[in-house]
Amino acid sequence: MKKKFIIATVAAFALTVPAIFVGTSANSAPSYKGRPKSILFVQPMKDHPVHRLMQAGLLAECKKQGFYCKVVGNASASNWDDVGTLPLVDAELATRKWGGVAVYPVSPVLFKYAEKLAKKGYPIIGWHAIPKQGTTSYVASVAQLVPNAGSGPADAICTIHKNVGTVAITEGSLNDEENTKAAAFKAQLAKSCPAMKTTEIGIEGFDPTKAVAIAVGILSADKDIVAAYSTTGNGAQTWSQASAQANRKITIIGMDYIRQNLDLIRDGKVYGVVAQPLYEETAMMVQLYAKLFKGEKIKYSNILPSTIVTKDNLAAYYKIVDAAGQ
Amino acid sequence: MNNLRNKKGASKNSEGFFYRLLAVPELGVIVALISCAGIFQSFNSVFLSSQVMGSIVQAVTFVSIIAVGQAFLLISGVFDLSVGAVAGLVAVSSGKLMTSMGWPVWAGILGGLALGAAIGAVNGFMVTRAGVPAFIQTLGMMFVAQGMIQVVTKGYPVYPLPEVMTTIGESSFFLTLGWNALIWVVVSIVGDFVIRKTSIGRNLYVIGGNAEVAKIVGINVQRYQMNCFILAGTLSALSGILVMATLSAGAPSIGGGWELTVIAGTVVGGVSLFGGVGTIAGAIMGVLLIQCVQSGLVTSGLSPNFQLIAVGSILVLAVFLDVFRRGYRNRMRNSEKVETPVFPLEKGGSE
């Protein structure tokens, strides 16, 4: 009996120790050196003009780095369908051995999915938002500091209107990114211009005709509105039309330097738009993948600056949209 | 002697004002519209201002034009889910014709209208001749059109457009309302006249009420329904072109989700999903009601989180009012017992 006990104990020890070492090596940071030079870019609502600008940056840098890159997402310019995108990604993943999968880090559905892909060994890099390190499976992300897209416009409006009036705030839809921008705007405005008020956050939606009616309603309901801040790419167009329909001259700051928005600034219908580094984020993301696949170390958090495009600095952004084929 | 009287012995003319009022098919939506306007005005006196009213009309014109076509279809017993996608496809295609293809503006517009009519013809043929259920055919066409939008635009808006289109879109004759509103009024009046006052309209009601009976009495059901599909496609195209002019861009998002708004609006306005019932005026007022509710909730300062809930609830209430009106009227009609008239006997006949 005693002999059997000793043999069993030794056997158990012999099996356990190697397992500990295997487990340990599995828990250490994986190496992505030598992976195929290909990136699958996962982005719902892939045909939205702002998303197309992001994809332009990706595809240009992929071409430069010699990567094979493909965009996958539900084919719509106005309907966000992250759940509907996942089966499309699964189908693409089955077509070839992908080096990396870039997943748009803006919804819990996508975070969950990225976790699943990371467990399969794909390096996941994000852009446009930086999830808190350790809370997701991303190895890196590239973005502006999202709150800056709110605080910068708040300071600009404060300077123009000298602490007088009310500012209307609208979002395209309620999501983490836009909520963060709107919250940062309100907080900064309260700090820089405490006498200025803000309206209840309005939701424009993505139907341009309805969005204008909503903006006119907001303007009409409050005579003290002197400015409008929109967190969505079409916001500049929405508010410029609304201010014309309501016959109210207001300072408008929107989001994203798509060509239509640049033209509105040029024509004086809009004060400015926040130049989120849409093109640069995805380009930098490809560069990070290139380093990863060479075995180099990369930083988790990669911040890019965002500025407000006004009449004074339009030319540079026209060059970018020209390069993007917009 | 003929003497038609109700059971109380009063004359048949006792129907009176109230009964005639209940016979108005748009009564439910009119009551809902007036009530909403009154309530929102009481919350914020700007609701009935020219700016808010103007923006409501501006937003409603595009969807209403499509609602006229959809009402024709619904009255005839079918419907079309592809109207929004067709509007979007025509907008971007027409824009491409005028820009990349270098066509004159008038040719681009006509080309767009022709595309809408052609899509309507395809839908009509597949439903009336090939026997594909309207739901499936038009749902499939919706997906096809949405895909075609992405193929044509590659995700980018068609922009800039020729100056003429911007001029049309920015025109303003009365309270910021321009060509869009004028075209909407003309389409609505003509549509309502045709459905109410012409044999075409009467035949559509018969077809929608009972297609078999319509065939028996010699109405060419297939031809009528086919023409309704073509009309719906053409009006969707017209709407898409007008939106494109207003936005000064052929945006890929034009028409997204409109099919539900159009159907919801027409049903709220008293047009039956089962055919044979409804009017164009009712359909337009239904669309107007939905937009009034949305704009009214904004001017009232209600949190956007509750706006969708409020819109849904008010829509159900509006339809309930219409159902209640019909039921009450039927009960009133049934409660009047009319004596069987006694006709004089012919010579040589017997009782």
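Author: Start with a term: two residues are in contact if their C-beta atoms, placed from the backbone, lie within 7 Å. The model is predicted. Now take the place where chain A touches chain B. This contact takes 29 residues from chain A and 33 residues from chain B. On the chain A side, the elements that give two or more residues are helix 2 (49–65), strand 8 (202–203), helix 7 (208–221) and helix 9 (259–266) of chain A. Helix 7 of chain A provides the largest share of that side, with 11 residues. By kind, the chain A side divides into 14 nonpolar, 9 polar and 6 charged residues.

Together with strand 10 and strand 11 of chain A, helix 9 makes a right-handed β-α-β unit. Strand 10 (residues 251–255) and strand 11 (residues 272–275) of chain A pair in the parallel sense, over 3 bridges. Here A:G254 stands opposite A:V273 of strand 11. Strand 11 of chain A has another partner to look at. A:A275 has A:T307, in strand 13 of chain A, as its bridge partner.

Next comes helix 6 of chain A. Helix 6 covers residues 176–192, 17 residues in total. From first C-alpha to last, helix 6 reaches 24 Å, close to the 24 Å expected at 1.5 Å a residue. Its buried residues are A:E177, A:E178, A:K181, A:A182, A:A184, A:F185, A:Q188 and A:L189. Look down the axis of helix 6: these buried residues fall within an arc of 160 degrees, so they line one face of the helix. What do they pack against? The partners are helix 5 (148–161), strand 6 (166–171), strand 7 (197–198) and strand 9 (225–230) of chain A.

B:S64 lies in helix 3 (residues 50–75) of chain B. Why does B:S64 count as buried? The cut-off is 20 or more other C-beta atoms within 10 Å. B:S64 has 28 other C-beta atoms within 10 Å, so B:S64 is buried. Leaving out residues up to four places away in sequence, B:S64 touches B:W184, B:S188, B:I284 and B:V287. B:S64 and B:A283 are 219 residues apart along the chain, yet 7.9 Å separates their C-alpha atoms.

How values were computed:
Residues are numbered from 1 along each chain as its sequence is written. Chains are lettered from A and ligands numbered from 1 in the order in which they are written. This is a predicted model: local features need pLDDT of at least 70, side-chain atom pairs count only at pLDDT 80 or more; totals for chains, interfaces and linings use all residues. Helices (H or I, at least four residues) and strands (E, at least two) are DSSP runs, numbered from the N terminus. The expected span of a helix is 1.5 Å times one less than its number of residues. A residue is buried if 20 or more other C-beta atoms lie within 10 Å of its own, exposed if 12 or fewer, and partly exposed in between; C-beta atoms are placed from the backbone. The arc is that of the directions from the helix axis to the C-beta atoms. Ala, Val, Leu, Ile, Met, Phe, Trp, Tyr, Cys and Pro count as nonpolar, Asp, Glu, Lys and Arg as charged, and the others, Gly among them, as polar. Two strands pair if DSSP finds at least two bridges between them. A crossover is right-handed if, with the strands pointing away from the viewer, the path from the first strand over the helix to the second runs clockwise.
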